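Colleague: I have a new model open on my screen and would like to learn how to read it. Could you walk me through a few features, one at a time?

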Amino acid sequence: MVQPQTLEIPIRGMDCAECAQHVQHAIAQLPGVEAVEVLLSSEKAVIRVDLTLVDMPAIRKAVAGAGNYSVPETAALAATPPLGGFSRRVLTLMGVVFGAVLFIVVVGEWLGMFEQLTARVPFPIGLALVIFSGWPMLRNVFRAALKRQVTSHTLMTLGVLAALAVGEWATAAVVVFFMRVGDYAERLTTEGARRAVKDLTAMAPQMARVERSGAEMEVPIGEVAVGETVIVRPGEKIPVDGEVFAGQATVDQSAITGESIPVEAGPGSRVFAATLARLGSLRVRATHVGPDTTYGRVVKLVEEAEAHRADVQRFADKFTGYYLPIVASIAALTFLITRNPLSTAAVLVVACSCSIALATPIAMLASIGAGAKRGLLIKGGKYLETLARADVLLIDKTGTLTLGKPEITDVITLNGLPEAEVLRLAASAERYSEHPLAEAVRVAAKERGLLVPDPQNFEAIPGHGVRARVDGSLVAVGSRRIMPDAGALPITAHLEAQGKTLVFLARDGELAGVLAAADTLPPEVPAALAAVRDLGVRHIKLLTGDNERTAAGLAAQLGVDYRAELMPEGKIAVVKDYQAQGHTVVMVGDGVNDAPALAQADVGIAMGAAGSDVAIEAAHVALMREDWTLVPDVFRIARRTMGVVKSNLVFTAVYNMVGLTLAAFGFLPPIFAAAAHSLPDIGILANSSRLLRQR
Ligand code: ADP
Ligand code: MG
């Protein structure tokens, strides 16, 4: 059996959602293709294909056969010149030029200029002019027609033909002119969407300074290997993810976390690719390079975000497919009833299907792009749509709600064991655990200067604790539940009442000590939860594996519900319960020990995901830094985005309806219809660009 492979193939020439559909169809029809998703914004097709049945030249041919599209040779990959983007200036300039042209056309039409032109200049000359100026588009339409395909220009071309048929060549020429303007507007709109993603890629460093056999040399980023020493000078971008082993620097991590306040990095610190070393230099041992870095993952996931389409977009895509036949029928009816070829031409020309298809993705991509720059990785429009209507927020406690940096405050010894011994055993057993409590235990042992032996047979029991063999004894560390018959220890009740988490230690099946850990609640949490509630999320609940009393204290402090002493499966069950009752559930977790519950939730949000592959993979939305203000931000962005999507859709729908009606009843000369055709694209672009300026 040959395993199908996943290929990413760049595609050029796609200007609108219909184009993407054409390419998708063409590729899907090839033998050996199991699945294909064409991404308009990142200009590529992701294909699952059995390469024994089909080869690259065949794919290339199929893409070219679908219309005016191509698969560039790899060398030419970076060669597409950017068209400009979402910038205010470009939009303003376009508006001005467009307005001026429109003015000339209206005045011209009013003065009867076009009629005079038609009357004075012989028809063949006019015809030549029309064909000459509209050739690239007309050719595509005819080519597609030969393959029995329609494109977004097919209807307009029919309109042009109708005008020519009645000898109105000047009208046809103006329509052709506006076809090209409209084309440009569409390309600009699509490019604007791409831009949000491309800006992100542009932040990646290209070169790295490495130390090889004692000498420093600059090499392209692709040649750096894991484990190599990378040297970062002041003012340079760090090219890899890695661990600092020498030097000191102030690092601006905003490219990853969106946080503009720089952090101090020194020996032992983790640093991330694409972050900036201001003041000071560093020697870094590379742990991840290229696409494996946090930055690389974010870029890849943002590029792929388009594949997770929102339902509204699926609907719009489907509708676009029906729209062309609908318009064609309206045009046919218009002709049958009015017998007026110019009204018919106007109907064909005014309809703009592309803007319907673009109304959703352009807003989604703007938000996803803007989010990624601020440390919010949203993996698809689908999740924005879900977030906007979510009404339940479940919160994992340890490592998520609390900062994940608990401190050991008390050590209680039993069986006459010295305090230091309790800590030493616990720290050894916890050596390889990723749990925040494990880190607290290790820190406490380190602070007392204890020598911690390496454990054997380490075993993590999610939601419970750890087990390992230390100095020959079997040591278990964790919640009361993995303890042998711990019972109610009178000496610990007061600690729980203070909201402290108890970590029990057993040696060879006998309880040997208890550690108490105090967790700090980030100061922004109460306000963040209040904001989420104000955004319409009515049920907020704390989920924790911690004990009842600790959870109750914290929940009361925050004014939220809670469920305590939950196993990881218990958290999944709570999510499912809510879903079964018809709620839309968002869960915030650390993404490591609660990954299954995050995956089960309608939207799983991982907190502080920078540097954690697991968390970035597991969540639907990853917050790159531990900052609770980002949580209401995610809900806010989702709501704003859906607001823009809806206004885009309503705007295009109304615009098309009004345009079609006016055209059918002969109130809209084809010339104006053509001018009106490209307006919605510009409107959508301008409306959606508001999302790029998330505060
Ligand atoms: P939460 O649900 O609050 O995020 P977890 O599910 O991660 O907490 O863990 C539940 C409980 O299990 C913790 O409160 C703690 O008592 C115990 N526990 C889990 N892992 C460890 C560990 N590595 N060391 C000590 N205690 C642990
Ligand atoms: Mg947790």
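This is a predicted model: local features need pLDDT of at least 70, side-chain atom pairs count only at pLDDT 80 or more; totals for chains, interfaces and linings use all residues.

Colleague: How many cavities of 30 Å³ or more does the structure hold?

Modeller: The idea is this: rolling a probe the size of a water molecule over the atoms shows where empty space is left. In this model, four cavities reach 30 Å³ or more.

Colleague: Which residues lie nearest the centre of the largest cavity?

Modeller: Look for Ser152, Met156, Ala351, Cys352 and His677; they belong to a lining of 15 residues. Sorted by class, that lining has eight nonpolar, five polar and two charged residues.

Colleague: And which helices supply at least two residues each to that lining?

Modeller: Find α6 (154–165), α7 (169–201) and α12 (353–373). Of the contributions, the one from α7 is the greatest, at four residues.

Colleague: What lines the second largest cavity?

Modeller: Its lining is made of Ala305, Glu306, His308, Arg309, Gln313, Pro361, Met364, Leu365, Ile368 and Gly381. Here the largest share comes from α12, with four residues. The classes come out as five nonpolar, three polar and two charged.

Colleague: Now for helices. At what angle do α6 and α11 pack?

Modeller: For a pair of helices, we look at the angle, the distance between the axes and the handedness. Helix α11 covers residues 341–350; α6 packs against α11 at about 160 degrees, and their axes are 7 Å apart. Angles over 145 degrees count as roughly antiparallel, so α6 is roughly antiparallel to α11. Their crossing is left-handed.

Colleague: How would I describe α12 and α23 in that way: how far apart do their axes come, and at what angle do they cross?

Modeller: Helix α23 spans residues 630–664, and the axes of α12 and α23 come within 9 Å, crossing at roughly 160 degrees. That makes α12 roughly antiparallel to α23. As for handedness, α12 passes α23 in a right-handed crossing.

Colleague: Let's turn to sheets. In what order do the seven strands of the open sheet come?

Modeller: First the general idea: strands of a sheet pair through backbone hydrogen bonds, either parallel or antiparallel. In this sheet the order is β14-β26-β25-β24-β15-β22-β23, and the pairing is mixed. The edges are β14 (376–378) and β23 (561–563); each has a single partner strand, so one side of each is left without a neighbour in the sheet. On average, neighbouring strands of this sheet are turned by 20 degrees against each other, direction ignored.

Colleague: Do β15 and β24 pair in the parallel or the antiparallel sense?

Modeller: Parallel: β15 (residues 392–396) and β24 (residues 585–589) are paired over four bridges.

Colleague: What is the order of strands in the open sheet of three?

Modeller: That one reads β1-β3-β2, with antiparallel pairing. Its edges are β1 (5–10) and β2 (33–39), each with a single partner strand, so one side of each has no neighbour in the sheet. Neighbouring strands there are turned by 15 degrees against each other on average, direction ignored. Between β2 and β3 (residues 44–49), which run antiparallel, there are six bridges, and Val36 stands opposite Ile47 in β3.

Colleague: How many residues lie between the strands in the hairpin of β17 and β18?

Modeller: Three, and in this hairpin Gly463 takes a positive phi near 80 degrees. Strands β17 (residues 456–461) and β18 (residues 465–470) run antiparallel and are joined by four bridges. Gln456 stands opposite Arg469 in β18.

Note on methods. Residues are numbered from 1 along each chain as its sequence is written. Chains are lettered from A and ligands numbered from 1 in the order in which they are written. Side-chain values use heavy atoms; hydrogens and water are left out. Two strands pair if DSSP finds at least two bridges between them. Axes are lines fitted to C-alpha atoms, for helices over the stretch in contact, and angles run from 0 to 180 degrees between N-to-C directions. On a 1 Å grid over the protein atoms alone, a cavity is a set of points where a 1.4 Å probe fits but cannot get out, and a pocket is an open set with protein on both sides within 12 Å along at least five of seven lines; lining residues have an atom within 4 Å of a point. Grid points are joined across faces, edges and corners, and a volume is the space filled by probe spheres set on the points. Ala, Val, Leu, Ile, Met, Phe, Trp, Tyr, Cys and Pro count as nonpolar, Asp, Glu, Lys and Arg as charged, and the others, Gly among them, as polar. Angles under 35 degrees count as roughly parallel, over 145 as roughly antiparallel, 65 to 115 as roughly perpendicular and the rest as oblique. A crossing is left-handed if the near helix is turned anticlockwise from the far one by less than a right angle, and right-handed if clockwise.
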